[in-house]
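The following paragraphs lead the reader through a protein structure, from its overall plan to one particular residue. Please keep the sequence and the structure in view while reading.

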Amino acid sequence: MGVMLDTSLLIAAERRALESQVSAREAELRALRAQLNPHFLFNSLNSINALIGTDPEGARRMCEGLGDFLRRTLALGARASVALGEELALVDRYLDIEQVRFGERLKVERAVDPAVLGCRVPPLLLQPLVENAIKHGVQDAVDGGVVRLEARREGARLILCVENPVEEGAPSRRGEGVGLENVRRRLAAFGAREARLVVGAADAGRFRVTLEL
């Protein structure tokens, strides 16, 4: 009888520990989503405010795009995983907003293997990386630049790359690495232990972030 009671207590304790871990993980993900959305909203609202006086139609389009982007962000962020194609569609909505702001200064190249669009990934990983690429690569460049998105498979691994130009002499923007840190923490919270985030120089004058899943 005593053995059965001890076993029952052990099972109950293990269940409580597991529930506590799940609750902590969900709280971490909610905190990360809360961090991402105001960060993006702040930048977008500043851009809309700047456009109101010079380009009212552009400001209106940006407001509409922002509303659509946030609806999609909330829908995808509530899910455990999404298809890469859905994640890329969200990035496209974000780029539509930034295209209004930067015009011809922002150019985008895509090299996406259609075979990987169905791969499952944690949601809201790519948008912060693309935002960083624009902020650190296009925003400070007089002539803008090209942001390149790449998605391919290497064996059993999914490789995602975001690349941007680096202008010599551009001011340092240290202290604004919210995007990269958010991605690292989201990968940890989702338990993606075999994932790798590699940050560094690509070719001359280019900077690349590579995410391996």
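How many helices and strands does the secondary structure of the protein comprise? In this predicted model, there are five helices and seven strands. Followed along the sequence, these elements are arranged in the pattern α-α-β-α-β-β-α-β-β-α-β-β.

The protein has 213 residues, of which 38% are buried. Its exposed surface comes to about 11,700 Å², and carbon and sulfur atoms supply 56% of that area. Of the contacts between residues at least 6 apart in sequence, 74% join residues at least 24 apart.

The interior may be considered next. In soluble globular proteins, nonpolar side chains tend to be buried together. Here the largest nonpolar core contains 42 residues, and Leu 84, Leu 95, Leu 126, Val 130, Ile 134, Val 147 and Val 162 have the most contacts inside it. At least two residues of this core come from each of α1 (2-54), α2 (56-77), α3 (84-102), α4, β4 (145-154), β5 (157-165), α5 (178-189) and β7 (206-212). The greatest contribution is that of α3, with nine residues. Beyond its neighbours within four places in sequence, Leu 84 is in contact with residues including Val 116, Cys 119, Leu 126, Ala 151 and Leu 160.

A final detail concerns backbone geometry. Most residues other than glycine have a negative phi. Leu 124, however, has a positive phi, near 65 degrees. Leu 124 lies in the loop between β3 (120-121) and α4 (126-138). Is Leu 124 buried or exposed? Leu 124 counts as buried because its relative accessible area is 2%, and the limit for a buried residue is under 20%.

Methods: Residues numbered from 1 in each chain as written. Predicted model: local features only at pLDDT ≥ 70, side-chain atom pairs only at ≥ 80, totals over all residues. Heavy atoms only, no water. Helix = DSSP H or I, 4+ residues; strand = E, 2+ residues; numbered from the N terminus. Buried < 20%, exposed > 50% of the residue type's maximum accessible area, 1.4 Å probe, protein only. Core = buried A, V, L, I, M, F, W, Y, C linked by side-chain atoms within 4.5 Å. Contact = heavy atoms within 4.5 Å. Areas by Shrake-Rupley, 256 points an atom, 1.4 Å probe, with all protein chains shown as cover.
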